Amino acid sequence: MKPGVKESSQFDVFVSYSTKEKAVADAVVSVLENEGIRCWYAPRDIEPGADWADSITQAIHRCKMMILVFSKNANRSQRVIDEINYAISQEKIILPFRIEAYNPTGALSLHLSSRHWLDAYEPSWEDHLERLVKSVSINLESAGDTLQISGGEDDALVEGAPGGARPTMRTVYILVGIVILVLGVGGYVGWNALSEEPAPTLEPTEMVLVSTVTPTTAPQLTATPTEIQPTLTPTPRFTALLDSVLVFDQEDISLDPQRADDRTLSLTQHLFLGLTEFDPEAAEIVPAAAASWTVSPDGTIYTFTLHPEIPWVQHPLEGETVQVRDENGNPRFLTAEDFEYGFKRMCDPRIDTYYSELLENVVGCMKVREYQDPENISPEMLDQIGVDAVSDTELIIRLVEPSAIFLTKMSHPLLVAVPSWAIEKYDQAWTNPGLIHTNGSFVIDGWVSGETVRLIRNLLFPEELQGEGNIETVELQVVEGNEEAYQLWLDGYIDYTDLPWEKQESHLENYAEQIAKFNNQVVFYAAFNQSRAAFVNLHLRRAFSAALDRDTFLNEVINFDGLPMKHLAPPGVFGAAPVDEIGVGFDPDYARNELELAGYPDCKGVPPINYYGYSGFANTYGEEISRFWEESLGCPEGTITYRGSVVEVFNDPSQWSDWDIVIIGWGSDFPDQTNWVGNLLYCRSGHFIRSDQECSEIDDLIEQASIEVSPSERKELYWEIEEAFFGEQGTFPVAPIYTPYRYFAAREWVDLVSPITFVDVNWANSSLDMAAKQTALGE
């Protein structure tokens, strides 16, 4: 017997249902099994580690009949349609148990319109369970010959349904040799499978993104593959060797993408593919494993259509990349079930992941993540998480609340598909170099623990997803810190590395042409304490922000290279406005006028201001910053007093409760405005800046933007929000100061592509002039 179906001579009944009606299916199974009728239904009866589709087909083959828990959700479930298709091909009795007044449409209308129904929706399906048991018992006695329905002679279809009413008959003979209808999955699975409205009225309001990668029709559910798909043929087009470093102070480097941290994500982001990627240059979400997606009108159901030909591969160290095959010899491709497994694994508290909050809005995830007895989490609990693979290429994710940031979260390199078969077979050893199964643009080719790592291109990766770079090999030296890495660069051993902050000034003086500079998703700002006498005054907040000459501040006060900011979100964040289009910025006339409106003309009478620093420069130059602000406003010296650093006492507000201004920084968790104005300035975010402030119309706009599914409309809303905070009539809860650049020491022959948030550069899109490198090195 094949693995997957639990041992039994034969099952009586296979129960097919939509996951949204699992409670009904549970009740049906319970009442039937109490009467001695043997049932099979997923996920209960699928063996751990077994192939889902193979288990389903085996079970249908072994059962005597099928009960279909029919509802509008089942009507749109591709899994249900596949199960019905296969049951028909096996000439099984199918008894639809209709739990709501809804007619089959599409594929199921063809399969079920001529079948006898057990209508169980009035007054409720629970009142018809006894009748169901009787009907099943009768049919099992004559399985293969007749299908009989016990009870009243109701019409087969709800009034007005296509095909008219069925004849009032008690016996319908099943025809032998039914023609198998092969159904294309196409794009109809989608969020419609889980929506609450009838099919004819359900259309997504906007196709959020359609990729140039065209998905093919998803494969149908089959018992066992009869033909092995050809292994992908390598088509090399890469020539360059990139030398760099991996900064890691431990020998034990984990390649488990869901246990990775900021240091190891530079590796795993190239080994495993997520559903989406974030393009930091365009500040937009672009396709990765998902070729396209749709969002339900209410923003709670996301449907992803996967690229159908992304192979799982294995690469023995210094060997050849080969496609992974299953136990039957069939090549494995990346499927929706791989993502379902990976995402549910992220919700499991037994997996030590540093960022479980990524999926906190997914139905059921946090219930599992916060379960008090993690060692006894059942498969049923994991099954309730709102991530469902409805076919090989269709993945549906259900959210607790609408979330426009969800697509951006999906681009995080922790949220990837992982190989369930390898994890279950090898446990933690599944990530061992040479053994690990991956699906990204690179593979591990060399590994000396604590010393070196070598990656090479995965030449079986689809050409259209390979990126635009020409790098074939990445040689990494493992070092303990950025200082050691920079010294390797100075000595000519590597092509690029992060430039330590303390080395930037000397590097810019000596190697001005050998640098790569990128916008950084960090902004430093001055927060105003609106609970104290000074900055409860709106006009004084405006004056302090407009009096700050940010260019002079950067160049002469703190002597640091950065981009002056006059609104909050920096370039590279979705929804960020162009830096020069929104916000007052430095405007001395505006500042003087607002100072007068505040009741302090020429800064006369301004109450003493206590200034604290959190960020490094804010403390290093605390006195200088105080004097600069006084001079800009025309205030007497001593008006603003630097009180010291709050770094050590930040979590104990009692030790700096007299603060009026604190200079601090904010960095992206996700490159999206929801993580900026939404998490920092929203009245209900819990952040100290507005924790005691009443909500306003600006907060209504923030709430609206957080659930708006249209990218263009979201951008407009966020621009309006930035204007409301930092325009001439803005409320100025903070004064944005600048965003620092992120620097890399980089040889002139390297063309690096912008890194994503705090992760390393994208090697797949970066390029290197190999001839120039060889000439410079005398090779």
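**Entry 1: glutamate 394**

I looked up glutamate 394 and placed it in strand S17, which covers residues 394-398. The model I am reading is predicted. I then asked which side chain of opposite charge is nearest to glutamate 394. I found arginine 79, at 12 Å. Glutamate 394 is buried and has no salt bridge. The cut-off for a salt bridge is 4 Å. I did find a polar contact of 3.1 Å between the side chains of glutamate 394 and threonine 305.

**Entry 2: the sheet with S9 and S19**

I traced an open sheet of 4 strands, in the order S9-S21-S20-S19, and noted that its pairing is mixed. Strand S9 (240-247) and strand S19 (442-448) are at the edges; each has a single partner strand, so one side of each has no neighbour in the sheet. I recorded that neighbouring strands here are turned by 20° against each other on average, with direction ignored. Helix H13, residues 482-490, packs on this sheet and touches S9 and S21. I noted an angle of about 125° between the direction of H13 and that of S21.

Strand S20 (residues 452-457) and strand S21 (residues 471-479) run antiparallel and are joined by 5 bridges. In this pair, isoleucine 456 stands opposite threonine 473 of S21.

**Entry 3: the sheet with S14**

I next traced an open sheet of 3 strands, ordered S15-S14-S18, with antiparallel pairing. Its edge strands are S15 (322-323) and S18 (437-438), and each of them pairs on one side only. Strand S14, residues 313-314, is joined to S15 by 2 bridges. I saw that glutamine 314 stands opposite valine 322 in S15.

**Entry 4: positive phi angles**

In the loop between S14 and S15 I found glutamate 318. Its phi is positive, about 60°, although the residue is not a glycine. I looked up a further case, phenylalanine 732, which is not a glycine either and has a positive phi of about 45°. Phenylalanine 732 lies in the loop between helix H22 (711-726) and strand S29 (734-746).

Are these residues buried or exposed? Glutamate 318 has 65% relative accessibility and therefore counts as exposed. Phenylalanine 732, at 2%, counts as buried.

**Entry 5: cis peptide bonds**

I noted a cis peptide bond between alanine 42 and proline 43, with omega about 5°. Proline 43 is in the loop between strand S2 (39-40) and helix H2 (52-62). A cis peptide bond also joins glutamate 122 and proline 123, where omega is about -5°. I placed proline 123 in the loop between strand S5 (118-119) and helix H6 (129-141).

Key
Residues are numbered from 1 along each chain as its sequence is written. This is a predicted model: local features need pLDDT of at least 70, side-chain atom pairs count only at pLDDT 80 or more; totals for chains, interfaces and linings use all residues. Side-chain values use heavy atoms; hydrogens and water are left out. Two strands pair if DSSP finds at least two bridges between them. Axes are lines fitted to C-alpha atoms, for helices over the stretch in contact, and angles run from 0 to 180 degrees between N-to-C directions. Contact means heavy atoms within 4.5 Å. Buried means under 20% relative accessible area, exposed over 50%, partly exposed in between (1.4 Å probe, protein chains only). Lys and Arg count as positive and Asp and Glu as negative; His and the chain ends are not counted. A polar contact is a pair of N or O atoms within 3.5 Å; within protein, one must be able to donate a hydrogen and the other to accept it, and residues adjacent in sequence count only if both atoms are side-chain atoms.
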